[in-house]
Amino acid sequence: VSDSSIARVVRPDILALKAYPVVPAAPGMVKIDLMENPYRLPPELREALGQALAEVAINRYPVPSFSELTAELRAVLGIDPALGILLGNGSDDLLAMLTLLVARPEACVLALEPSFPMYRMNALLHGMRYVGVPLEADFTLDLDRLLAAIREHQPALVWLAYPNNPTGNLFPRAAMEAAIAAAPGLVVVDEAYFPFSGGATLLDAVPGCPQLVLVRTLSKMGLAGVRLGFAVAAPALIGELNKVRQPFNVNVLTEAAVRFILRHFAVLTAQTAALVANRPVLERGLDALPQVTRFPSAANFVTIRVPDAPRTYAALRERGILVRNFHGGHPLLDHCLRVTVGTAEEIAQLLAALPDCL
Ligand SMILES: *Cc1c(COP(=O)(O)O)cnc(C)c1O
């Protein structure tokens with residue numbers, strides 16, 4: 001099949017897209033590009049996890065109510081039993097479902113920019129109108145601008161990442177509430193970085209807001225490869241969302257692995273606490289470099305601006321350190337790099353290499 005015949009059958013807007021970039025890391029690299037938890041499970045738990053997975057009937061389809069897993073998640077993570085909950089194959093799965101739930105050609109999706117690229121991508125894939133509302137140059141939120149955009153565009157769906165990615169900051173709680181109150185349609189608060197936010201959450205706002213959905217994930221706490229996210233909202237809304245779910249979206253190995261981990265959740269919370277404690281070490285090291293501008297973070301990453309981001313990215317990579325380069329994307333991210341908070345050793349390696357890479 002030639003390229004031109006593909007161009008005749010595939011949607012032109014998809015032909016124009018690029019696939020989500022994931023850079024493979026060579027073994028031994030300091031991999032601080034994707035907000036992964038750098039710590040592994042202790043050897044005895046890995047062994048026990050292997051045994052638990054060996055018992056799983058992989059010949060059977062999952063039972064997608066996942067009642068035990070859901071009950072255990074609620075208990076461990078403190079989700080009110082009066083709220084509805086729906087599991088996804090990572091929160092990315094839920095982001096797509098939530099878009100599909102409101103997708104009509106004339107409807108609008110609104111997100112702050114820069115933020116998580118899948119908000120816009122899902123809008124495009126579902127043929128919806130997309131409006132990006134820029135943050136300020138220092139990545140703070142201009143609430144008046146956001147409220148004016150909501151009034152003007154009457155979005156069917158508003159995305160708010162709390163804390164925001166790739167900027168790392170938390171918007172003021174009062175601004176979040178004002179945006180939620182002003183929105184005529186669905187509002188999704190994406191709390192992918194909740195484990196690092198010092199407890200900041202909009203979970204307590206969900207019971208009073210029938211059109212508010214909160215999305216969380218276990219990815220950034222250490223289960224990025226397992227793929228489990230969940231949405232919390234009023235039961236009636238979760239019931240509708242459940243209709244657009246792929247029938248067997250969460251697989252049996254994920255179910256078993258997460259149920260196992262939830263029984264040992266203190267290991268992940270201790271690792272998360274270590275990363276939160278490492279964050280100021282990274283921040284102080286970055287602040288000591290006069291050519292680096294460092295932005296505040298309530299997440300497990302820190303975004304910085306350097307004089308020449310492509311050069312710094314390439315020089316770090318040459319030294320075995322993989323960060324994320326945002327230069328060339330959104331103009332507010334000119335010469336910005338994003339650095340995941342790693343182990344103390346990884347932070348030391350980055351801070352030792354960085355001065356020569358600027
Ligand atoms: C990482 C991330 C996600 C996706 O996480 P998964 O659960 O791994 O799919 C969603 N939203 C934001 C803001 C993220 O940074």
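Predicted model: local features only at pLDDT ≥ 70, side-chain atom pairs only at ≥ 80, totals over all residues.
Residues are numbered from 1 along each chain as its sequence is written, and side-chain values use heavy atoms, with hydrogens and water left out.

Helices (H or I, at least four residues) and strands (E, at least two) are DSSP runs, numbered from the N terminus. The axes of helix 7 (residues 143–153) and helix 8 (residues 173–182) come within 10 Å and cross at roughly 10°. Such axes are lines fitted to C-alpha atoms, for helices over the stretch in contact, with angles running from 0 to 180 degrees between N-to-C directions. Helix 7 and helix 8 are therefore roughly parallel to each other; angles under 35 degrees count as roughly parallel, over 145 as roughly antiparallel, 65 to 115 as roughly perpendicular and the rest as oblique. Helix 7 contributes Leu 143, Leu 146, Leu 147 and Ile 150 to the contact, and helix 8 contributes Ala 175, Ala 178, Ala 179 and Ala 182, where contact means heavy atoms within 4.5 Å. By class, this contact of helix 7 with helix 8 has 8 nonpolar, no polar and no charged residues (Ala, Val, Leu, Ile, Met, Phe, Trp, Tyr, Cys and Pro count as nonpolar, Asp, Glu, Lys and Arg as charged, and the others, Gly among them, as polar).

A search of the whole structure finds 14 salt bridges, each being a side-chain nitrogen of Lys or Arg within 4 Å of a carboxyl oxygen of Asp or Glu. One of these joins the side chains of Arg 173 and Glu 177 (2.7 Å, N to O). Both residues lie in helix 8, 4 residues apart, about one turn of the helix. An α-helix has 3.6 residues a turn, so residues three or four places apart point the same way. Arg 173 is partly exposed at 27% relative accessibility, as is Glu 177 at 36%; buried means under 20% relative accessible area, exposed over 50%, and partly exposed in between (1.4 Å probe, protein chains only).

Another salt bridge links the side chains of Lys 243 and Glu 240 (2.9 Å, N to O). Lys 243 is exposed, with a relative accessible area of 61%, while Glu 240 is partly exposed at 37%. Elsewhere, salt bridges that share partners join Lys 31, Asp 33 and Glu 36 into one network. Within it, the side chains of Glu 36 and Lys 31 meet at 3.0 Å, N to O.

Buried residues were also examined. In helix 4 (residues 67–77), Leu 69, Thr 70, Leu 73 and Arg 74 are buried. These residues cover an arc of only 135° around the axis, which puts them on the same side of helix 4; the arc is that of the directions from the helix axis to the C-beta atoms. Their cover includes strand 2 (84–88), strand 8 (229–233) and helix 10 (252–262). Just after helix 4, Gly 78 takes a positive phi of about 70°.

Ser 91, in helix 5 (residues 91–102), is buried, with a relative accessible area of 11%. Not counting residues up to four places away in sequence, Ser 91 touches Val 215, Arg 216, Thr 217 and Gly 229. Gly 285, in helix 11 (residues 265–287), counts as buried at 18% relative accessibility. The C-alpha atoms of Gly 285 and Leu 354 are separated by 9.9 Å, with the two residues 69 residues apart along the chain.
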